[in-house]
Amino acid sequence: MPVTTPDQTENRAADYLARRLYEAGCRHAFGMPGGEVLTVMDALARAGIEVTLARHENAAAFMAEGVWHRTGAPGILIATLGPGVLNGVNAVANAHQDRVPLIVISGCVDADEALTYSHQILDHEAVLAPITKATFRLTAQGADVIADKAVGIATEGRPGPVHIDVPISVADMRVTLPRLRRRPDAVPMVPAAPEKARDWLAGAERPVMIVGLDAVNEEAGAVILEVAERLNIPVITSYKAKGIVPETHPLCLGGAGLSPLADGLLVPLVERADLILCVGYDPIEMRPGWREIWDPAQVRVIDIAAVPNDQYMHQATMNIVGACGPSLAAIAEGVTPRTTWPGGEVTAARDALARAFPTDDDWGAAAVIAEARVVLPEDTIATVDSGAHRIMLSQMWVTHHPRSVLQSTALCTMGCAVPLAMGAKIATPEATVVSFSGDAGFLMVAGELSTVAELNLPVIFVVFVDASLALIEKKQRERQMVNLAVDFGHHDFAAIGRAFGGNGVRVTNRAELRAALEAAQQADTFTVIAAEIDRGSYDNRI
C-alpha cells in the first residue's frame with residue numbers, strides 16, 4: 001500500500017514527484033539503479049509504485065510502454081547518470097515518435113559538484129531535449145509543479161516522453177509545501193462542425209476513412225465504428241491503430257503503410273475516393289509510398305488531428321484540430337446514409353488482400369503466423385519486433401481490439417517485442433501474451449529472459465530463426481548486391497530459453513508449432529519457441 005502524506009507534512013522532494021505519478025495511475029517503474037537514483041526509487045516504492053530491475057535501459061523503457069498500452073497510465077523509466085541515460089536514448093526516441101507518454105527520471109550530481117567533478121557527467125537535458133516533449137531539472141520547492149507539468153505534457157495532445165533530471169541533494173531535501181499545486185484537467189471544447197464538411201460527407205459517393213494513432217490514444221473507436229457503419233465508409237488504419245475497428249468487419253481494410261504488397265491494393269482505392277477522412281491519422285508511421293498520394297485541390301480531404309497539419313507528408317482541404325471522436329461525430333451528425341462504392345470496390349479490395357496473404361502455406365513465416373493466430377485466443381496480446389516477419393504479421397494477424405498488437409511503428413527499432421510483451425504481461429497477468437521476434441532482434445534482448453524468469457511471467461516468445469537479417473538480405477538480393485553483413489550463426493534459441501529457466505522448443509512444421517503453443521498456454525513459466533524457417537519464405541509475400 002502506498003504511504004500517504006498530508007499536504008502540510010515535511011517530505012523529501014522525491015516523495016512529491018512519486019506521489020504525483022501515483023495519482024496519475026502509475027504502478028510500475030522500470031530501469032537500472034545507480035547511486036544517483038536511489039532516493040527516487042525509494043520514493044516510488046513508498047508511494048506504491050513497484051520498481052522492476054531490467055537488464056538494459058532500452059528494454060526497461062519498452063516494458064514501461066507495454067504497461068501503458070494496457071493501463072493507460074504513463075510509463076516510467078529510471079536511468080542513472082551518464083551511461084544509464086545514454087543507454088535509454090533509443091527507446092526514448094521511440095517513445096517520442098510513437099507518441100508514448102513516458103516519464104524519464106534520471107539522476108544527476110548537484111550543480112556545484114559538476115563544476116569540479118567530471119566522471120560520467122554530461123548534460124542529460126541537452127541530450128534528451130530533441131527527443132522529448134519537455135525536460136526539467138527537479139527543484140525542491142517546485143517538485144510538485146514539475147511533477148504535475150510532466151504528467152500533463154506527457155499525456156495531453158499527442159503524448160510523448162518527458163524527462164526529469166533529479167540532483168542527488170534535491171531528491172533528499174526535506175520541504176514543506178502548503179498545498180500541492182495542480183492545474184485542472186483540460187476539457188476540449190468541440191465547436192459546431194463546419195457546414196461545408198457535413199455537406200461534403202453527405203454528398204460523397206466513394207468516401208474512405210484513414211485512422212491513426214491519435215484516434216487510438218483518444219479512444220475514439222466507438223465513434224469511428226458507428227460512423228463507418230451508418231454511412232458505409234471503409235476504414236484503413238495505420239499499424240498502431242490496428243483493431244480500433246474489428247478487422248473481421250466487412251468495412252475494415254486493415255493496416256497500411258508498411259507492406260508494399262498491401263499498399264499496392266490500398267493506395268489505388270484511396271486514389272479513387274472522392275472524400276478522404278483522416279481521423280487521428282499521424283503519418284509518422286507511414287512510408288514513402290503514402291507521401292502525397294492525393295491532391296487536396298482535386299479531392300476533398302478532411303484532416304481531424306490533435307495538432308495542426310504541418311508535417312507535409314500529406315495535405316488536406318480542411319484541417320480540424322481537436323478531439324477525434326467528438327469532431328467526427330459532429331461532422332457526421334444528421335448525414336443521411338447512402339450507397340457508397342457502388343462498384344463493389346471495398347469487397348474486392350478485402351478479397352484481394354486475403355489472396356495476397358494466404359494462410360495455407362505448409363511451412364515458413366506465413367505458416368508460423370497463421371498457425372499461431374488459429375491456436376491462440378482471440379484476445380491475445382501480440383508484440384512484434386521489426387523485420388520482414390513484422391510486415392507479414394501486421395497484415396495476417398487479425399485483431400478485434402486496439403492496443404492488442406504492439407510494435408515500434410514510427411522509429412521501427414529492433415529488440416522491442418520481448419520487453420513490450422513483458423510489460424503487457426505485468427500489467428495484465430490474466431492475458432495471453434505472445435512475442436514475435438526475428439532471431440537478430442531476439443539476440444539484442446536475450447538477457448531480459450532472466451528478468452522474465454525472476455518475475456515468473458509465462459510469456460510465449462516465438463523466434464523466427466533463419467540466421468539472417470532477412471529483410472535486409474532480401475533487399476540486397478533485389479538490388480543485385482553481394483551478400484554482406486546480414487548473415488550470422490545458426491544458434492539454438494530453444495536452449496537459450498531453457499538456460500534461463502524457461503521452456504525451450506524447436507519447431508520445423510505446423511504440427512510441432514501447434515503442440516508447442518498449446519503447451520505454452522498451460523505452462524507456469526515462459527516458453528521460447530524457435531521456429532526454423534527458410535529466409536526465402538518472405539520473397540514476393542510482403
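The radius of gyration is taken here over C-alpha atoms, and the globule rule is 2.2 Å times the number of residues to the power 0.38. For the 542 residues of the protein chain, a compact globule would have a radius of gyration near 24 Å, and the value of 24 Å for the chain agrees with this. The structure is a predicted model, in which local features need pLDDT of at least 70 and side-chain atom pairs count only at pLDDT 80 or more, whereas totals for chains, interfaces and linings use all residues. Residues are numbered from 1 along each chain as its sequence is written, and side-chain values use heavy atoms, with hydrogens and water left out.

The C-alpha trace of the protein chain spans about 70 × 60 × 45 Å along its principal axes. The chain has 23 helices and 20 strands, which are DSSP runs numbered from the N terminus (helices: H or I, at least four residues; strands: E, at least two). Of the 542 residues, 58% are buried, where buried means under 20% relative accessible area, exposed over 50% and partly exposed in between (1.4 Å probe, protein chains only). The accessible surface comes to about 21100 Å², with 53% of it belonging to carbon and sulfur atoms; accessible areas come from the Shrake-Rupley method with a 1.4 Å probe, and for residues only the protein chains shown count as cover. Among contacts (heavy atoms within 4.5 Å) with a separation of 6 or more, 76% are accounted for by residues 24 or more positions apart.

Two helix pairs illustrate the packing. Helices H3 (residues 57-71) and H5 (residues 89-97) pack at an angle of about 30°, their axes 7 Å apart. Axes are lines fitted to C-alpha atoms, for helices over the stretch in contact, and angles run from 0 to 180 degrees between N-to-C directions. H3 and H5 are therefore roughly parallel; angles under 35 degrees count as roughly parallel, over 145 as roughly antiparallel, 65 to 115 as roughly perpendicular and the rest as oblique. In this contact, Asn-58, Ala-61, Phe-62 and Glu-65 of H3 meet Val-89, Asn-90, Ala-91 and Asn-94 of H5. Four nonpolar, three polar and one charged residues make up the contact, with Ala, Val, Leu, Ile, Met, Phe, Trp, Tyr, Cys and Pro counted as nonpolar, Asp, Glu, Lys and Arg as charged, and the others, Gly among them, as polar.

Helices H13 (residues 260-272) and H15 (residues 345-356) pack at about 170°, with axes 9 Å apart, so H13 is roughly antiparallel to H15. Leu-261, Ala-262, Leu-265, Leu-266, Leu-269 and Arg-272 of H13 meet Glu-345, Ala-352, Leu-353 and Ala-356 of H15. This contact has eight nonpolar, no polar and two charged residues.

Ser-435 lies in strand S17 (residues 433-438) and is buried, at 1% relative accessibility. Beyond its neighbours within four places in sequence, Ser-435 is in contact with Thr-383, Ala-417, Val-418, Ala-421, Ile-460, Phe-461 and Val-462. In helix H21 (residues 470-478), the buried residues are Ala-470, Leu-471, Glu-473, Lys-474 and Gln-476, and they pack against helix H17 (388-396).

Most residues other than glycine have a negative phi. Glu-219, in the loop between helices H11 (213-217) and H12 (221-231), has a positive phi near 55° and is exposed at 72% relative accessibility. Glu-292, in the loop between strands S12 (275-279) and S13 (300-305), has a positive phi near 50° and is exposed at 55%.
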